[in-house]
Amino acid sequence: MVLILYFHGLKMKGNIFDIKRFALHDGPGIRTTLFMTGCPLDCLWCHNPESRLKTGENSTKNRIVSSEYVIDELKKDLVFFEESGGGVTFSGGEPLAQPDFLKVIIRELKNNSIHTAIDTTGYADKSVINDIFPYTDLFLYDLKVMDPEKHKKFTGVDNKQILDNLKFIFNRNGIVRIRFPLIPGYNDDKENISEMISFLNNLTDHPQIDILPYHRLGISKYKKLKIDSSIEFLSPPSDDRIQEVREMLKTNGIEAGIGG
Amino acid sequence: MNERIKKLREQSLNAVNKISVERAVLITEFYRSDETRGKSVPEQRALSFKYILENKAIPVNEGELIVGERGPEPKATSTYPEVCLHNINDLEIIDNREKVSFEADEKVKEIYKEQIIPYWEKRSVRDIMFSRLPMEWKDSYEAGVFTEFLEQRAPGHTVLGEKMFQNGMEDIITEIDESIAKLDLINNPDSPAKIEELNAMRISAEAIVRYAERYAEKLEEMSLVEKDTLRKSELLNMAAICRKVPAKRPETFHEALQHYWFLHIGVITELNPWDSFNPGRLDQHLIGFFNEGLNNNFLTAESAKELLYSFWVKFNNHPAPPKMGVTAKESNTYTDFALINLGGVKQDGSDAVNELSYLILDVIEEMRILQPSSMIQVSKKNPDSFIKKALKIISTGFGQPSVFNTDAIIQELTAQGKDIADARAGGASGCVESGAFGTESYILTGYFNLAKIFEITLNNGFDPRTKKQIGLKTGDPAGFSSFDEILKAFRDQVNHFAGIKIRGNNIIGDVYSRNMPAPFLSLLIEDCIENGTDYNSGGARYNTTYIQGVGLGSLTDSLTSVKYNVFDNKQITMKELLNILDKNFEGYDDIRKNFIDETPKYGNDEDYPDDLAVEIFNIFHDSVNGRKGPRKSLHRINMLPTTSHVYFGSVIGALPDGRKKGEPLSEGISPVQSADRKGPSAVLKSASKIDHLKTGGTLLNQKFTPTFFKDENSLNKIINLIRGYFRLDGHHIQFNVVDASTLREAKREPEKHRDLIVRVAGYSDYFVDLVEELQDEIIRRTEHEAV
């Protein structure tokens, strides 16, 4: 069975749009981040819109590559991973949207003792998470909006699956850093934050969370890739606002980092 | 920094670089006199040294604590007509040139015309050398295939070791006497020559002691008229120190610094050796004196710092002697490459970082002056906190200290056959050169233009610029049917030119050995006394001769382009390529763009180009390494450019990597500017594929914007990056941390940015003193953010 999977792995192809080395904000240490194409969500504020385009569409860097190629590239900075306690982060897009491709790669990395992180929306079948769980050292897990209706409105999908999966990971003692993208006017209201606090406090004793303030760096991508964005004129949250949110979390026993 | 030091620092910064004829006049007087009669060459050299030290001015600068100047005042710079005689036209150029000029007034020119030139014409080492060098050497030199370090400056490239911090000249004279007494006058026919040399050494040792005594007398005189009681007691204390060192071994921190400085002045007065001279492992040499001073309560951290500040200023008062022509182009700077080493390991292999390592880093940060240059040695045994402290200074953007891999240096030195304890006592000097401090003469002889040799290969041995057939006829590449034929032709040409260079080195080494011994320097480097042999004749325990390869990045990308575009993908024929290069890409913008943007480049951790970098490196290494050289040395390679990559670029036409005619080459082992697109970790991986341990030093420049150094977390990752590179045996890395906008502003308004110091290539320099091409290159380098 292992052998068959192995050969299967050699032939595996996947869709990616970038491999970024010396990534310093996608988990601990010096990391290489694999950006995988495709996402089941359609967040209004998405800063990686290219991940949602098809290969070759609007002159993106999206390309189909073999798992071997990706593994080779991801292993290249091994010495720096080891020195820094870093490793590989799977991002996107939604890495769980290419489960077989992901699994072949992440398992090989684990075989090489490389630290792995998955930067995910959490929107996937539980079986997928179950499958990659043994090879994943860290989940960077987005918690965007607590209210199911609003979640659907802003991201295109319901959040039940997302919240269930998060509980599932916690129940299995997975290591998770929650990422809270702070989008002014969308999820920075008191109600959402309160709900998030109670959800997190029910989940675990000392939840780790990073606030990711909305930034406008994605806007130029929309222009370059000729994609329409409905929130082009959104302003990033002020530093004061970010600190307010942080305080709110803190008074409820949750220490939050800024950025990630 | 107190008022005194601020004043000294200002004094040094504001001093005008000018030519002092004092030394030239004194040495000419001596050689014209009867004193030379009946004396051997080494004795003549030693007596002339003595004559200079007995008669030169002995300035004491206001408020200083360490005394001794090469010239009559700070930055008044000596000339060395016996090595390289300047004519009136040279002096005018030196006076008037836009960059790195030295004032030379009418008086200087008159003295040169009447006294100096008439005596030294056709007697200088440079004249003798050029009369003996073969035509093929001169043609290659003209073509810009290589430069020659020793045509205007004497061999130096050595660093003081521990021994000379523990011995005075009286101890050294005893050694000389013992060496003479041991000579077997009957059975050793070299004895007479050794006696001459040892006599010369003794004269030199006595001369430096006499020089220090003159200072003691002067300081005593000054103290008599000094009104300020504090200064008066300082002057008396300094006088007592000058009565003691360098005659006797130093016993206090202050004595140790003054002791070294007298030796330094001795070395740079005797000759104008490449890389002024260098106390090397300063934190190691001084730690005993420092601790003893603290324990006995006659030193505090603050007073130690004050002495170090004063010491630092002394280095800054001494620009490199003026260079001309190609030598000026290859090393266009006032910096004279004294490189203070901190950290590393002790001779027993244990962690050498101590309190002084940190204290000296404070001094470096606070002084923020050009000279001395500084570096940290990083062994796997050294703590991260040491690196972090250095990175905080680097992050302020003046390019110091640079960062070296101790463990690699030790392996490089032991691979050359050195004892491990001697290797551990070593470090890097100059830009990045590995050496066993106190025991090795490691002479750099010139830069070697690998990219130029490729251009000559493409032209079947013909140099398109000088229009001469200077290379071998390795065939017209248009007729080559495989890439291997290109490589083979290139290898043959490299061997050909390496042979010419080595033949020249042997001639030049012989000229120095016979005409220009350095008995004073010979006192300082072990085993010259024991061997009774001069430093310039192979007296040192270890002797190495280096040739420095330049253009690895540009050449790798060029060969990669030929392989990729001509042979593997057949996008263009060799004949078409040669035609396009000949036209300097004019009318072929699309093809050039393709060469630049769509062709693999060194620096991205891709094996396709990187394998060729390794191939080129090995070709160069094999053509030089292990071949016999002067001073019973073997030839070795290192990979560094100083500023020669700009000069070397100026003599080369268009290259297949898309570089246009005349543009600078890549420097050290760094990728071509903006060819690296996968960030710093990929650059380090590419750079580590060549075997650094087979060199005596490599230079890697890493560009970072200040954001990479902004907080603890970022600094930690830079430390990880350094540790990773060093685990892969990387030899050296330096960081330029400055905004491109600041640099552009400085170029526009130099007068407002006189103090802006940037990392060039293995050394730091004032940005405004750099030639425009180099300024632009650094701006480009900086603009291109790694991530």
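Two strands pair if DSSP finds at least two bridges between them. Helices (H or I, at least four residues) and strands (E, at least two) are DSSP runs, numbered from the N terminus. This is a predicted model, in which local features need pLDDT of at least 70, side-chain atom pairs count only at pLDDT 80 or more, and totals for chains, interfaces and linings use all residues. Residues are numbered from 1 along each chain as its sequence is written, chains are lettered from A and ligands numbered from 1 in the order in which they are written, and side-chain values use heavy atoms, with hydrogens and water left out.

In chain B, strand S8 (residues 440-449) pairs with S11(B) in the parallel sense, over 8 bridges. Glu440(B) stands opposite Tyr542(B) of S11(B). S11(B) also pairs with strand S12 (residues 634-638) of chain B, again in the parallel sense, over 5 bridges. There, Gln548(B) has Asn638(B) of S12(B) as its bridge partner.

Strand S11 (residues 542-550) of chain B is largely enclosed by the rest of the structure, because 9 of its 9 residues are buried (under 20% relative accessible area, with exposed over 50% and partly exposed in between; 1.4 Å probe, protein chains only). In a regular strand, side chains alternate between the two faces of the sheet. Tyr542(B), Thr544(B), Tyr546(B), Gln548(B) and Val550(B) point one way from S11(B). Asn543(B), Thr545(B), Ile547(B) and Gly549(B) point the other way.

Gln371(B) lies in the loop between helix H15 (355-367) and strand S4 (373-378) of chain B. Gln371(B) is buried, with a relative accessible area of 4%. Its side chain reaches the backbone oxygen of His318(B) at 3.1 Å. The side chain of Gln371(B) also reaches the backbone nitrogen of Asp336(B), at 2.8 Å. Beyond its neighbours within four places in sequence, Gln371(B) is in contact (heavy atoms within 4.5 Å) with residues including Trp312(B), Phe315(B), Tyr334(B) and Phe337(B).

The second largest pocket has a volume of about 1,200 Å³. Of the 47 residues that line this pocket, the closest to its centre are Glu98(B), Lys99(B), Val100(B), Tyr334(B) and Asp769(B). A pocket is an open set of points on a 1 Å grid over the protein atoms alone, where a 1.4 Å probe fits, with protein on both sides within 12 Å along at least five of seven lines; lining residues have an atom within 4 Å of a point. The volume is the space filled by probe spheres set on the points. H31(B) gives the most to the lining, with 4 residues.

Methods. A polar contact is a pair of N or O atoms within 3.5 Å; within protein, one must be able to donate a hydrogen and the other to accept it, and residues adjacent in sequence count only if both atoms are side-chain atoms.
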